[in-house]
Amino acid sequence: MGDHYCTSFTVDQKPEAVYHAVLHVRGWWSGVVEGETDKPGAEFTYRYGDVHYSKQRVAELVAGEKVVWDVVDSHISFTEAKTDWNNTRIQFEILDKGGKTEVRFTHFGLVPELECYGSCSNGWRRLTAEGGNLHKLILTGNDQADAFAS
């Protein structure tokens, strides 16, 4: 795995349900999402106020198993290098663990050497770690409120 940011959690829901929750980006990623998130080759943007902007291309979708996005553009206002996310890859692996489903999240290229690593990994924790927005969406089926408002 290297030093790329990664986290994982396990749920009782089936892999297909987890896959559809990941694709429902507006239900767990706080901020404004524009564009299609569920078709290979589609692009969507994410914006959180004037703090963070990124454009993702859906690179790979394997139903019930994997979702991969390539970050093609970004602007992070609180860092000197505004485009740290450019040319990084965001991946969700969905693994059937015999009645349970493990979700492994990795942001390839988000490494400790980057200025935004601390803030960005904290943000990802609130969204993709156990107890985070994606986990809650999978457990409840309900869209999650802004993870960063508190």
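**View 1. T7 sits in strand 1.** This is a predicted model, where local features need pLDDT of at least 70, side-chain atom pairs count only at pLDDT 80 or more, and totals for chains, interfaces and linings use all residues. Residues are numbered from 1 along each chain as its sequence is written, and side-chain values use heavy atoms, with hydrogens and water left out. Strands here are DSSP runs of E with at least two residues, helices are runs of H or I with at least four, and both are numbered from the N terminus. With a relative accessible area of 17%, T7 is buried (buried means under 20%, exposed over 50%, partly exposed in between, using a 1.4 Å probe and protein chains only). Leaving aside residues up to four places away in sequence, T7 touches V103, R104, F105, T128 and A129; a contact means heavy atoms within 4.5 Å.

**View 2. Helix 1 covers residues 15-23.** Its buried residues are P15, V18, Y19, A21, V22 and L23. What do they pack against? The partners are strand 1 (5-11), strand 4 (52-62), strand 5 (66-76), strand 6 (89-96), strand 7 (101-108) and helix 3 (133-140).

**View 3. Strand 4 and strand 5 form a hairpin.** The two strands run antiparallel and are joined by 10 bridges; strands count as paired if DSSP finds at least two bridges between them. One place to look is Q56, whose bridge partner in strand 5 is V71. Three residues lie between the strands of this hairpin, and G64 takes a positive phi near 75° there.

**View 4. Strand 5 also pairs with strand 6.** This pairing is antiparallel too, with five bridges. Here V67 has F92 in strand 6 as its bridge partner.

**View 5. Stepping back, the protein has three helices and seven strands.** Along the sequence they come in the order β-α-β-β-β-β-β-β-α-α. Of the 150 residues, 44% are buried. Take the contacts between residues at least 6 apart in sequence: 48% of them join residues at least 24 apart. The C-alpha atoms fill a box of roughly 45 × 30 × 30 Å along the principal axes. How does the radius of gyration fit a compact globule? For 150 residues such a globule would come out near 15 Å, and the protein has 14 Å, which agrees; the radius is taken over C-alpha atoms, and the globule rule is 2.2 Å times the number of residues to the power 0.38.
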